[in-house]
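Subject: Structure handover

Hi,

Here is the structure I promised to pass on to you. Please open it first, and then read my notes below.

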Amino acid sequence: MNDNVMNGAQMITKVFNNISSQDIENSGKIFQAWKTTVEKISGNGEQLAAHSSVVDLKNGILLVESDHPGWNQMLQMHKKFILIGMNRLSGGVKIDSMAFRVRGSGASLADTEEMNRRAVERYAQKIEEEQKRLEEMGYGKEDAAATGGQGAKGGASQLPPELNAIFERMKKGAGKKEEEK
C-alpha cells in the first residue's frame, strides 16, 4: 500500500495535533470579544454584530467579514473603538489593525499581502523607469558624481535662483541638525 495515503481518521488526527489548546482558547476569546465589543457600539451595535464576523487573525491584523459593503463601512467608522475593545477583551492577543471583506468574496489576508508585494514591485519599476528617463535627459549618476552631486550640465546653475536659495537654506539647516547630534 502507498505510504502517502491516509485514511480520514489519520487526517483529522494530524490536523488537530497541529492546533494547540492555547490557539483554540484564544480563538474562542476573540469571537466572544468581537460580539461583546461590536454590540456596544451606540445605535446599531447589535445589528452590526449580527451582520459581521471574525474570519482570521494573522500578524496582528483581524479579518472581518460582513454580508454587505455598507456594514463594512459602518465597522470602519468604529474601527478605533473596536480595536480598543478587542485588545481589552481578547485575553492578551494583540490586534493592531483590521481588514474587511464582503462575505462570498473569498479575499484573505494572504491576498492583501500579495497585493502589497505587487504594489511595491510596481513602484520600484516606476522609479527605475524614471531614473532611466532622467539619465537619457543627461541627469545620470556619472554626471552627478562629476559635478559633486549637483546634477548634469552645470548642476545647480541650471536651477532658478529662488530654488538655489531654498536648497542652500535646506543644506545649512541640515548641517546645523547634524552638528546638534
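Let me start in the sheet: Ser52 has Ser66 of strand 2 as its bridge partner. Strands here are DSSP runs of E with at least two residues, helices are runs of H or I with at least four, and both are numbered from the N terminus. Please keep in mind that this is a predicted model, in which local features need pLDDT of at least 70, side-chain atom pairs count only at pLDDT 80 or more, and totals for chains, interfaces and linings use all residues. Residues are numbered from 1 along each chain as its sequence is written, and side-chain values use heavy atoms, with hydrogens and water left out.

Strand 1 and strand 2 are antiparallel partners joined over six bridges; two strands count as paired if DSSP finds at least two bridges between them. The loop between strand 1 (52-58) and strand 2 (61-66) holds Asn59, a non-glycine residue with a positive phi, near 55°. Asn59 is exposed, at a relative accessible area of 63% (exposed is over 50%, buried under 20%, partly exposed in between, with a 1.4 Å probe and protein chains only).

The open sheet has three strands in the order 1-2-3, with mixed pairing. Its edges are strand 1 and strand 3 (97-102), each of which pairs on one side only. From one strand to the next, the twist averages 25°.

Two helices go with this sheet. Helix 4 (residues 69-77) packs on it and touches strand 1, strand 2 and strand 3, with its direction at about 165° to that of strand 3. Helix 5 lies across strand 2 and strand 3, at about 115° to strand 3. Contact means heavy atoms within 4.5 Å; axes are lines fitted to C-alpha atoms, for helices over the stretch in contact, and angles run from 0 to 180 degrees between N-to-C directions. In helix 5 (residues 79-89), the buried residues include Ile82, Leu83, Gly85 and Met86. Just after helix 5 comes Gly91, with a positive phi of about 70°.

For the overall picture, the protein has eight helices and three strands, running α-α-α-β-β-α-α-β-α-α-α from the N terminus. Of its 181 residues, 22% are buried. Among contacts with a separation of 6 or more, 58% join residues 24 or more positions apart.

Finally, Phe167 sits in helix 8 (residues 161-180) and is partly exposed, with a relative accessible area of 38%.

Best wishes
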